[in-house]
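Open the model in a viewer and keep the selection panel at hand. The stops below are given in the order in which to select them.

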Amino acid sequence: MILAIDLGGRSAKFAMYSEREDKIVHRSVMDTRGLMGQDVIEKMHDHFVKWCYEIELKRTEVKAIGFACVGPIDPEEGVSINAGGKFGWDYFPAKKTFESYFSQPMYMTNDARAAAIAELWKGAGKGLSEFLLYTLGTGVGGGIVIGEKIYSGAHNLANEFGHGGFIQDRKACGCGIATCLEGGASATGIEAYVQTYIKENPNSSLAKLQKTIDHPIEIKEFAHLFQSGDKGTVEAMREALKPLASHMSVVIYALDPQAVIIGGGPSALGECLIDAIKYNLAKCTNKFMLDLVDVKLAKMGNDAGIYGALYTALRGYVDDVTRSVDPDIKEAIKK
Ligand SMILES: [Zn+2]
């Protein structure tokens, strides 16, 4: 068994994976709100002990732990550099603390890496060796996979597609630089642009829909207009997705990937989202280049963090225990 924990800002998701069956056999969630520092890990350990008792699993059956947390990390040292400002985890020694509570080795990743790893292992990146992942949420997450491995950069800070540059001037980014991609291309950035469109087009279907809703309309609320091909909504979304396509085009030229995978909440919009991105890409990317790239939707959804953590643990375990490799774990990595 391998334990995976996906620690988000408010809760920690737990999954128990059987490498023999190659599937998750148990799941659990705990609330982490209000916890700080070492307490986060102590409470996760308490939860694990109680949960093992409930599911009648011997704790000694768990061989390794995969852990995904938010924010930048140093995976070799097992340190959370920031955890998105949560839990007081600035340069927090997560691996060391974990291993003082749990008796299993812990292998660490973060949310953005986990998503790319999950797509590579079981999702839309399966079978690919070179791809990019853009995760659109409250921010914009990135993933660069080269040679079937996630690229980490010289200081473990790679994959931050959301930040830097003069990419857009619609909405300031939370990082302090006003013109980052994240401000405009995150789900909230797209929704902010839709408000601008409504002001400029008071007779549009979007404006009519807005009149029936008492808060700024969200993507899921106008999804039906976009999916049914409403002219104004398609126009608004194409415009909203321009900064994203612009960024993507530059990275496509730089890295020549086989595919660009789009994940996060807005990916629930489906193929019409891909069509709108491709519409923009075609205007800023030469055909010979674009014809070689498959732009497609991510598959792992809310399970990306868990599967990314799982794979990180399997990989780490194999690399650590090279002389006595467990045949089931070796097989699971190949699947
Ligand atoms: Zn930024």
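A salt bridge here is a side-chain nitrogen of Lys or Arg within 4 Å of a carboxyl oxygen of Asp or Glu. The model is a predicted one, and by this rule it holds eleven salt bridges.

**Stop 1: salt bridges**

Select aspartate 303 and arginine 27, whose side chains meet in a salt bridge with an N to O distance of 2.8 Å. The two residues are 276 residues apart and link distant parts of the chain: aspartate 303 sits in the loop between strand 12 and helix 12 (304-320), and arginine 27 in strand 3 (residues 23-31). Aspartate 303 is partly exposed at 22% relative accessibility, and arginine 27 is also partly exposed, at 47%.

Next select aspartate 31 and arginine 33. Their closest N and O atoms are 2.8 Å apart, and the two form a salt bridge. Aspartate 31 counts as partly exposed at 42% relative accessibility, whereas arginine 33, with 54%, is exposed.

Then move to arginine 170 and glutamate 239, which are joined by a salt bridge of 3.2 Å, N to O. Because arginine 170 lies in the loop between strand 10 and helix 4 (181-185) and glutamate 239 in helix 8 (residues 231-240), this pair ties together parts 69 residues apart in sequence. Arginine 170 is partly exposed at 32% relative accessibility, as is glutamate 239 at 27%.

**Stop 2: the zinc ion**

Which residues supply the protein donors of the zinc ion? Select His163 (ND1), Cys173 (SG), Cys175 (SG) and Cys180 (SG); these donors lie 2.1 to 2.3 Å from the zinc ion. Along the chain the donors follow the spacing H-x9-C-x1-C-x4-C. Angles among the four donor atoms run from 102 to 123°, and the site is tetrahedral. The ideal angle for four tetrahedral donors is 109.5 degrees.

Are cysteine 173 and cysteine 175 buried or partly exposed? Cysteine 173 is buried, with a relative accessible area of 8%, while cysteine 175 is partly exposed at 43%.

**Stop 3**

Colour the strands of the open sheet with order 10-9-8-11-12, which has five strands and mixed pairing. Its edge strands are strand 10 (149-150) and strand 12 (294-297), each pairing on one side only.

Start from strand 8 (residues 131-136), which is largely enclosed by the rest of the structure because five of its six residues are buried. Strand 8 pairs with strand 9 (residues 140-146) over six bridges in the antiparallel sense, and the two form a hairpin with three residues between them. Threonine 135 stands opposite glycine 141 of strand 9. Strand 8 also pairs with strand 11 (residues 259-264), here in the parallel sense and over six bridges, with leucine 133 opposite isoleucine 261.

**Stop 4: strand 7**

Select residues 106-110. Strand 7 is largely enclosed, because five of its five residues are buried. Both faces are covered, with Met106, Met108 and Asn110 on one side and Tyr107 and Thr109 on the other. Strand 4 (residues 64-69) runs parallel to strand 7 and is joined to it by five bridges; alanine 68 stands opposite threonine 109.

**Stop 5: a surface patch**

Finish with Ile146, Tyr151 and Leu255, which make a nonpolar surface patch of about 250 Å². Leucine 255 belongs to helix 9 (residues 242-255) and is partly exposed at 34% relative accessibility.

Definitions and conventions. Residues are numbered from 1 along each chain as its sequence is written. This is a predicted model: local features need pLDDT of at least 70, side-chain atom pairs count only at pLDDT 80 or more; totals for chains, interfaces and linings use all residues. Side-chain values use heavy atoms; hydrogens and water are left out. Patches are made of residues with over 30% relative accessible area and no salt bridge: like charges are joined within 9 Å, nonpolar side chains (Val, Leu, Ile, Met, Phe, Trp, Tyr) within 5 Å. Accessible areas come from the Shrake-Rupley method with a 1.4 Å probe; for residues, only the protein chains shown count as cover. Helices (H or I, at least four residues) and strands (E, at least two) are DSSP runs, numbered from the N terminus. Buried means under 20% relative accessible area, exposed over 50%, partly exposed in between (1.4 Å probe, protein chains only). Donors are N, O and S atoms within 2.8 Å of the metal (3.2 Å for Na, K and Ca); water is not among the atoms, so sites may look incomplete. Four donors count as tetrahedral if all angles lie between 85 and 135 degrees; four count as square planar and six as octahedral if opposite donors are over 155 degrees apart and all others between 65 and 115; anything else is irregular. Two strands pair if DSSP finds at least two bridges between them.
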